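The tour below goes stop by stop.

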Amino acid sequence: MGRRQTLRSRVQGSLTHGRGPVYGRGAVHGRETRPSAGGVLAWDRGWRREARSAWLCGLALAGVLTAIDLGRGGLDWPRGCFWAVLGATLVLVLRPARITAGDGWLASRGLLREQRVRTDLLTRVRREDGMAPRLVLRDVKGGRVELDPQVLADNPLLWHHLDTGARRARERGVLVEGAGVLTALAERIDGEGARRLLSSAEISPSGD
């Protein structure tokens with residue numbers, strides 16, 4: 001509790017005394033103006049394709065199982081509903097969250113709800129490795145977002161808005177954990193970007 005109050009005091013001090021940029025339409029009487037819910041400036045360009053694939057896989061699974069039961073003469077309402085639920089579950093598992101970003105914020109929207117963080121008020125950035133690596137972002141207001149780091153590598157504009165916000169958080173002194181994670185991610189994204197440029201120019205790294 002004490003650490004959170006200290007972080008909030010730092011943020012309020014930096015905003016009030018001009019030690020950091022203020023987002024939104026400006027500050028009124030020394031108070032921070034929150035960014036609007038709109039103002040999307042970057043998004044995951046591959047999301048529509050992956051979401052469409054998830055729906056197709058779910059429909060295909062439900063359709064095949066229903067067709068098999070129908071061919072055997074064993075299809076009834078309970079079994080039909082079960083196959084439909086099974087297909088919908090596969091859609092939920094495969095459908096990725098939609099990642100968007102704007103001036104000072106980043107959001108992850110699933111089927112049921114949206115999670116959002118203030119990138120300029122980040123306090124912690126943590127990478128969780130495993131079968132599906134995740135990047136976990138937390139801000140001083142308690143916001144939390146999880147996303148696949150590859151989404152940032154595939155979408156330079158999303159990474160730009162996250163990196164810009166994180167730099168401002170460091171300047172304000174609120175980012176207490178995760179600077180090394182962001183540095184490693186920046187090196188990876190820069191490396192992948194360089195490889196893409198070389199590939200598009202049909203030039204191998206060895207100069208052959």
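Predicted model: local features only at pLDDT ≥ 70, side-chain atom pairs only at ≥ 80, totals over all residues.

E177 is partly exposed, because its relative accessible area is 35%, between the 20% and 50% cut-offs. E177 lies in the loop between helix 5 (156-172) and helix 6 (179-200), and R124 lies in strand 5 (residues 122-128), so the pair ties together parts that are 53 residues apart in sequence. R124 counts as partly exposed too, at 26% relative accessibility.

**Next: R127 and D129**

Select R127 and D129. They form a salt bridge, and the closest N and O atoms are 2.6 Å apart. Is D129 buried or exposed? D129 is exposed, with a relative accessible area of 59%. R127 is partly exposed, at 35%.

Then pick R118, D120 and R172. Salt bridges that share partners join these residues into one network.

**Next: between helix 2 and helix 3**

Select R79 and D69. Their side chains meet in a salt bridge at 2.6 Å, N to O. R79 sits in helix 3 and D69 in helix 2. The two are 10 residues apart, and the pair links distant parts of the chain. Colour both by accessibility. D69 is buried, because its relative accessible area of 5% is under the 20% cut-off. R79 is partly exposed, with 36%.

As a general point, side chains of opposite charge can pair when their charged atoms come close. How many salt bridges does a search of the whole structure find? The search finds 11.

**Next: R116 and R144**

Select R116, in strand 4 (residues 114-118). R116 is partly exposed, with a relative accessible area of 27%. The separation is 6.4 Å, although R116 and R144 are 28 residues apart along the chain.

**Next: a nonpolar patch**

Show the surface and select L92, L111 and L112. These leucines make a nonpolar surface patch of about 360 Å². L92 is found in helix 3. L92 counts as exposed, because its relative accessibility is 53% and the cut-off is 50%.

Turn to the largest pocket. About 350 Å³ of space lies in it. Which lining residues are closest to its centre? Select D44, E50, P96, D148 and V151: of the 20 residues that line the pocket, these are the closest.

Now bring up the secondary structure around the pocket. Helix 2 (47-72), helix 3 (77-94), strand 7 (144-147) and helix 4 (149-154) are the elements that give two or more residues to the lining. Which element gives the most? Helix 4 does, with 3 residues.

Finish by colouring the lining by residue class. The residues divide into 7 nonpolar, 4 polar and 9 charged.

Note on methods
Residues numbered from 1 in each chain as written. Heavy atoms only, no water. 1 Å grid on protein atoms, 1.4 Å probe; cavity = no way out; pocket = protein on both sides within 12 Å on 5 of 7 lines; lining within 4 Å. Points joined across faces, edges and corners; volume = space filled by probe spheres on them. Helix = DSSP H or I, 4+ residues; strand = E, 2+ residues; numbered from the N terminus. Nonpolar A, V, L, I, M, F, W, Y, C, P; charged D, E, K, R; others polar. Patch = residues over 30% accessible without salt bridge, like charges linked within 9 Å, V, L, I, M, F, W, Y side chains within 5 Å. Areas by Shrake-Rupley, 256 points an atom, 1.4 Å probe, with all protein chains shown as cover. Salt bridge = Lys/Arg side-chain N within 4 Å of Asp/Glu carboxyl O. Buried < 20%, exposed > 50% of the residue type's maximum accessible area, 1.4 Å probe, protein only.
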